[in-house]
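Open the structure in your viewer and keep the selection panel at hand.

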2 protein chains.
Amino acid sequence: MAITEEPKHFVVFQPSGRRGHIEEGTWLLDAAHELGVELETICGKMRTCGKCKVRIEEGSFERYGIESSRAHLSKIIEKEREHLGAQLDDGYRLACAARVQGNVVVFVPEESRAVKQVVRKTATERVINVQPAIRKVYLELRPPTLQNPLGDWERVTDAMRRVFHLDHLGIDYRTLLELSQALRAGEWKVTLTLWMNREIVRVEPGLVERSIGLAVDVGTTTVAGYLCDLKTGEVITTEAMMNPQVSYGEDVMSRITYAMTHDDGLAKLNRAIIEGLNTIAKNATERVGLTPGEILEVVLVGNTAMHHLFTNIYPEHVGKAPFPPTLHHSIDVKARDMGLRVHSSANVHILPIEAGFVGADNVGVLIAEEPYNQDALELIIDIGTNGELIMGNRTKLISSSCATGPAFEGAHIKFGMRAAPGSIERVRIDLQTLEARFKVIGKELWNDELEPEQIGARGICGSGIIEVIAEMFRAGIIDKTGRFVKGLQHPRVRKGEDGDEYVLAWANETSIGKDMTVSIKDIRALQLAKAAMYAGAKLMMRRLGLKKLDRVILAGAFGSYIDRERSMLLGLFPDCELSNVYAVGNAAGDGARIALLNTDKREEANRYARQVEYVELTVEPAFEREFMYAMHLPHMRDAFPNVETWLDKEGCAASVRAALPKVLAA
Amino acid sequence: MAITEEPKHFVVFQPSGRRGHIEEGTWLLDAAHELGVELETICGKMRTCGKCKVRIEEGSFERYGIESSRAHLSKIIEKEREHLGAQLDDGYRLACAARVQGNVVVFVPEESRAVKQVVRKTATERVINVQPAIRKVYLELRPPTLQNPLGDWERVTDAMRRVFHLDHLGIDYRTLLELSQALRAGEWKVTLTLWMNREIVRVEPGLVERSIGLAVDVGTTTVAGYLCDLKTGEVITTEAMMNPQVSYGEDVMSRITYAMTHDDGLAKLNRAIIEGLNTIAKNATERVGLTPGEILEVVLVGNTAMHHLFTNIYPEHVGKAPFPPTLHHSIDVKARDMGLRVHSSANVHILPIEAGFVGADNVGVLIAEEPYNQDALELIIDIGTNGELIMGNRTKLISSSCATGPAFEGAHIKFGMRAAPGSIERVRIDLQTLEARFKVIGKELWNDELEPEQIGARGICGSGIIEVIAEMFRAGIIDKTGRFVKGLQHPRVRKGEDGDEYVLAWANETSIGKDMTVSIKDIRALQLAKAAMYAGAKLMMRRLGLKKLDRVILAGAFGSYIDRERSMLLGLFPDCELSNVYAVGNAAGDGARIALLNTDKREEANRYARQVEYVELTVEPAFEREFMYAMHLPHMRDAFPNVETWLDKEGCAASVRAALPKVLAA
């Protein structure tokens, strides 16, 4: 029996270079799919959306040894004229309307590529493929007749099977209620919003491309939301606010205690953060002329306590040894079940939890930084009200947490505030005169380049606090114990209500009308925070048998401006080559955004959340001793050769250089 | 390489007779599973529930040619003493605690069989296997420690995988919120309620066996609820009420119109029926000392309009040609999303829809009566406010519907009421004296065996209406056109406000203090209803090429007392052998209950809902003519040989016998 085979032609897609022999008569769109080139299309070959635009490269393609021509495709049809107009003359076609009839080389312009990419520009530039859980498809249906009175939903699922090869589709209850009206309002032309290719969560009349999502990092002190375009992957706008739960307790433990000791404690805490999230959704969308109802998916991260509180899970057990969370795995919950006022059928994806004190926010950092793909031995410090540490590389990763308190976020510091316009973020103290220069967020120039009344400092943010204390140490105003050097005579050094203090900004340079100072109490708060972090890192290094770190990544709410030299001078983390210290900003928030944009990263999150080994350091007997050593600036015993080199270059008070330990303690 | 094999023994399970060779050392419970005998167990071999009790048959078992003995099992352990006590002496063991060590014959008592059965006792007795969507399992977990601080949910899923071999489990959001507290309240011993073996919908401390569900048939006029024990399959109690939507319109079309012509029309109709369902859930559970929160699953049926209204789907399109429903397939919706106040994580299963006017109630009838498994050519008439007809057998089934109006439910009839204590359900008229005898629901005796003040008739229910009009016809009080025979002189026959009437009960026999009559207007309402039904059946027979029906099944709200002879005398359906006419009561409600008890029947419902071919009869030109013929009692042209035979035996006015058509019209 002879089988007649269709002739095949050589087809190449550029710029990917994917190529293969394709049967005559195949649609270019199917040829692309066959060769692993994903083209944009939302109408499924109905020739309505015009998204699958490609350009045919003419002439001889020596590289492939083939002759390629526009004539090697089927004739241009009317629909292409409508969508392409003058572009036809430049060789453009719709891939859904052209059949292969000879060798062709096809160029896929950026806009026609199905998988968009966004680049995360931090220390290590990373590309995120935009493959969100939300996908929109466009359908044209035949209306029901007496001969074919099939129900609306079955009419839709039949078409989805036929056109998009999607089977076993479900529909959210709320969307089902709107189905029949939407189909008729659109005269049987509708855009369906699919979630995870399995649940329809919206039906809109006509062709609607807009696709919006919200990623939120719920910090103990600060809540940061990112409104994202799910088609391009771009951040449309960001919106931050103080966590409204702060009025029930400043740190995690005091909120857990509140929930346990008040009958409606959990309900109050939950309502507070849910209303906060509703405010973020409302403000962010309104700013760009949208409504919260346009938000089709939400991704949330937060430490374990925040996770339990926004999910409305009783948090008692995560606050008591052995600190088991109610669950580790990521969950998808209907926004309406959580009381979130976004699109009524929207899902909320909550990232997984590693361990009791290493929560979904740390998982966000994990998938943003991907230490599990690195050879370099990294320490990632996520500094919030709680400090979370990840250490290791692709071979092994461990995590831990330490109670740093909110000093780095500006709380527990007299003039502390979060990074916002008006906050001092950079400080330099002259080694000779002990005068301070500083820069305020929102101003291009430093304070000494402005008239006093133009400065308007409102407070000091986390990076400003680190810089001012580091500079005070470097200039010899405070000593290695954090105390003010005795007998110092200077107008800026004085006794205040909290003890010794240094005037960073004079009243006329501020918008608050009084001298802005850094006191011995503020310095102590910073020392406590940094000592906890350092001791944690030290014990983790010991656990992994490391003498030295290849890289230190600083993530956290103080933004991307943290000064690596001054952080190390204060001993926030063990010595490391300075060029290998990076600040990456809010990596937890970035992780939330990444999970919103890419579902593979959600799987990655679940996989690595369980692989990272959590170590409970504070119960280790060595912790207290290490903590005490680390209270010193930068440390009582550990040498900081990289800091020494820097100080040698930049200069410092003689006492400082002498105070640095000379050997790396065992 | 020699493989050492464990010796095998011959094991027989009674009464099923399943047998096989089982490896030495196998638990009896596993042996049973291996041989396809499902034993009751909720603790998964933890020896906590004591459910897998079996009796070992001793002595020689000639039938199997083996010697069987209690000694052929491993030793009795302490846990068995606790659970079995004196039963040990009778040869009882726990199958989870005894290992096979020799040939044994095991008797499985009724209570230990996993699949309980309930029998539906109607025309054709049917056995329902109790395999509901809801299943309870009992778990004992190790509490978390610092060495193993695994999260609660992962602790549960690990155990479910290990003990019950259940994977990919989900948990409803509301149940997740209660997980950590329930685990601790039960000291890590909990009962989990599983839905469809895939979603955990409840966590209760300790061992809790109770498992309750609710099946409801939402009729246009009457709503009937069945509170069921999901372990035994028994109906615990029933609860009926008038559909609260009646105040917005008596029939389907007027309610659809209400929804379309009022801004909040759908919302009002939906709220009315949802509150009705909540009342049913509350009353039914309270009557038996429970709360609605104990209801773990709800199954709903109803015609297409009721389906859309209780689901909260805009019903406009099911009321307009070509009548496409919003969906056909069954759906599972969270009760809370529908506003139902039952267990907070409970699901509602809504049976599928066949076609625009043949709804989920008819699918209930389908799975209760299973015409698709019959050889006999059946006509199933489900009589409610709408009449739905199914005709055919395993080869082919067609369905249709006809607007009968609520006459059969007692509405549009002056003294009509639904079947309830005090309603007249049976009537006999003396052919000579034209005096009426009747029986009231709730009384053992007929009216002439009671003192007048003991009778207390409140109204006439559907079956009573059929009987009284049939008897009036048989006695020659009305003629074949339904009119009163002229010139009849009798105290019971008189002119009333609605025209000619017959006094069925004198005022002193009623609890309403006035004569209870049947008027020409009532008779006309019944004629219209029955003519629609008959014409539908006739056209369906023609469609299938049938001359005669093998069986007629009457389902519907008038209960199981419908009189087959008198129904046929009125011409409710075509002639058929009288012994093959059955009344099966509320088969739609039975179908809802069956779907609640057996998930296979849900699949069957979806399969057959789409296989039954819906025929729209009212648009056929022949319908009007057939309708007109069928207005006559019993019919203008069709012969009723079976009615003739019956009348010859039972007697009738001479005019009646003469009026019957003599040949079966083509």
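Start with chain A: buried residues make up 51% of its 666 residues. The model is a predicted one. Now turn to the contacts within chain A. Of those between residues at least 6 apart in sequence, 67% join residues at least 24 apart.

**Stop 1: where the chains meet**

Show both chains. Here 34 residues of chain A are in contact with 34 residues of chain B. Select α3 (152-164) and α4 (173-185) of chain A; each supplies at least two residues of the side that touches chain B. Which helix gives the most to this side of chain A? That is α4(A), with six residues. Colour this side of chain A by class: 20 residues are nonpolar, ten are polar and four are charged.

**Stop 2: a buried proline**

Select A:Pro325. It sits in the loop between α7 (304-311) and β18 (331-334) of chain A. Is A:Pro325 buried or exposed? It has 30 other C-beta atoms within 10 Å, and 20 or more count as buried, so A:Pro325 is buried.

Then pick A:Ile313, twelve residues from A:Pro325 in sequence; the C-alpha to C-alpha distance is 9.6 Å.

**Stop 3: the nonpolar core**

The largest nonpolar core has 347 residues. Select those with the most contacts inside it: A:Val298, A:Ile469, A:Leu504, B:Val216, B:Val298, B:Ile469 and B:Leu504. Zoom in on A:Ile469. Not counting residues up to four places away in sequence, A:Ile469 touches A:Val518, A:Ile523, A:Leu526 and A:Leu570.

**Stop 4: a helix pair in chain B**

Select residues 520-544 of chain B, helix α12, and residues 621-630, helix α16. Their axes come within 8 Å and cross at roughly 125°. That angle makes α12(B) oblique to α16(B). The crossing is right-handed.

Show the side chains at the contact. From α12(B), take B:Ala531, B:Ala532, B:Tyr534, B:Ala535, B:Lys538 and B:Leu539. From α16(B), take B:Ala622, B:Phe623, B:Glu626, B:Phe627 and B:Ala630. By class, this contact has nine nonpolar, no polar and two charged residues.

Technical notes: Residues are numbered from 1 along each chain as its sequence is written. Chains are lettered from A and ligands numbered from 1 in the order in which they are written. This is a predicted model: local features need pLDDT of at least 70, side-chain atom pairs count only at pLDDT 80 or more; totals for chains, interfaces and linings use all residues. Two residues are in contact if their C-beta atoms, placed from the backbone, lie within 7 Å. Helices (H or I, at least four residues) and strands (E, at least two) are DSSP runs, numbered from the N terminus. Ala, Val, Leu, Ile, Met, Phe, Trp, Tyr, Cys and Pro count as nonpolar, Asp, Glu, Lys and Arg as charged, and the others, Gly among them, as polar. A nonpolar core is a set of buried Ala, Val, Leu, Ile, Met, Phe, Trp, Tyr and Cys residues joined through C-beta atoms within 7 Å. A residue is buried if 20 or more other C-beta atoms lie within 10 Å of its own, exposed if 12 or fewer, and partly exposed in between; C-beta atoms are placed from the backbone. Axes are lines fitted to C-alpha atoms, for helices over the stretch in contact, and angles run from 0 to 180 degrees between N-to-C directions. Angles under 35 degrees count as roughly parallel, over 145 as roughly antiparallel, 65 to 115 as roughly perpendicular and the rest as oblique. A crossing is left-handed if the near helix is turned anticlockwise from the far one by less than a right angle, and right-handed if clockwise.
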